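Please read it alongside the sequence and the coordinates.

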Amino acid sequence: MAFDKKIKIGINGFGRIGRLVARIALQRNDVELVAVNDPFISTDYMTYMFKYDSVHGQWKHHEVKVKDSKTLLFGEKAVTVFGFRNPEEIPWAETGAEFIVESTGVFTDKDKAAAHLKKTVDGPSSKDWRGGRAASFNIIPSSTGAAKAVGKVLPTLNGKLTGMAFRVPTIDVSVVDLTVRLEKAATYEEIKQAIKEESEGRLKGILGYTEDDVVSTDFIGDSRSGIFDAKAGIALSDKFVKLVSWYDNEWGYSSRVVDLIVHIASQS
């Protein structure tokens, strides 16, 4: 949907996801980043971390610099910087921000936040003993809320899906290994064709399809939510299949955050 003016957004928390959402927003013509709030880092450090990213590379678009302690310049675009700990005190309205991306991680409990941390060496982890083992040297079985989340987004799958995760020593990108028992028989070729058609039609830009011999790093920076790997899947029968799909769990997620803002704005 086309908008007469850009949707103004603010970002609360300029950490991993906050910076990636900013990168995406600054490359789009339907949203405008107007403000950032983070009480824990200076504008100088914000600029440094935004410009240099070990996973997604150096920012290569317009110049980023500090105008003053309360303003960053992205090219000629000024972005207001706040440093409030209490979100109720952040004067978003002064900047014209219409939607706020909450990416501090503060509003989750300690146990949930800890699930995103990787131990570099073996260390204590009272509730998840395996999670306390060194991530750099191990494949670690873990729980995941992804299956439960799917049931909330797609109610027809609620109660029909479960899952677990393996934590592996990769810097970015995840893969879904989905084993499915089908009610209606379908060959693997038919499944591939159906997914390919969706990836080129209704779900273009969200769902991808590849028949290349790919590995995880090939999807760093991919904005799609899932890229079906046609060669990696397998069928035991026409009613029992395994499907494999890759996704950049940082860039893809951040892209959907911005898409969601645009969608909400289109409904108002």
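1. The secondary structure of the protein amounts to seven helices and 13 strands, where helices (H or I, at least four residues) and strands (E, at least two) are DSSP runs numbered from the N terminus. This is a predicted model, in which local features need pLDDT of at least 70 and side-chain atom pairs count only at pLDDT 80 or more, while totals for chains, interfaces and linings use all residues. Residues are numbered from 1 along each chain as its sequence is written, and side-chain values use heavy atoms, with hydrogens and water left out.

2. Taken along the principal axes, the C-alpha atoms of the protein fill a box of roughly 65 × 50 × 35 Å. Of its 268 residues, 35% count as buried; here buried means under 20% relative accessible area, exposed over 50%, and partly exposed in between, with a 1.4 Å probe and protein chains only. Among contacts with a separation of 6 or more, 62% come from residues 24 or more positions apart, a contact being heavy atoms within 4.5 Å.

3. The domain assignment gives domain 1 as 7–112 + 254–267 and domain 2 as 173–248, with bounds that come from an automatic or database assignment. Five residues from domain 1 and eight residues from domain 2 take part in the contact. The C-alpha centres of domain 1 and domain 2 lie 32 Å apart.

4. The area buried between domain 1 and domain 2 is about 390 Å², of which carbon and sulfur atoms give 50%; buried area is the accessible area (1.4 Å probe) that two parts lose on being put together, summed over both. On the side of domain 1 that touches domain 2, the residues divide into one nonpolar, two polar and two charged, where Ala, Val, Leu, Ile, Met, Phe, Trp, Tyr, Cys and Pro count as nonpolar, Asp, Glu, Lys and Arg as charged, and the others, Gly among them, as polar.

5. Which polar links does the rule find across the interface of domain 1 and domain 2? There are two residue pairs in polar contact, both at pLDDT 80 or more, a polar contact being a pair of N or O atoms within 3.5 Å, of which, within protein, one must be able to donate a hydrogen and the other to accept it, and residues adjacent in sequence count only if both atoms are side-chain atoms. Salt bridges across this interface number zero, the term requiring a side-chain nitrogen of Lys or Arg within 4 Å of a carboxyl oxygen of Asp or Glu.

6. By this rule the salt bridge count comes to 13. One of them joins aspartate 30 and arginine 28 (2.9 Å, N to O); aspartate 30 is buried at 18% relative accessible area, whereas arginine 28 is partly exposed at 24%. A network of salt bridges links Arg28, Asp30, Arg256 and Asp259.

7. Lysine 77 and glutamate 32 form a salt bridge through their side chains (2.5 Å, N to O). Lysine 77 belongs to strand S5 (residues 77–82) and glutamate 32 to strand S2 (residues 31–37), so the pair ties together parts that are 45 residues apart in sequence. Lysine 77 is partly exposed, with a relative accessible area of 25%.

8. Arginine 202 and glutamate 198 also meet in a salt bridge (3.0 Å, N to O), with arginine 202 exposed at 69% relative accessible area and glutamate 198 partly exposed at 28%.
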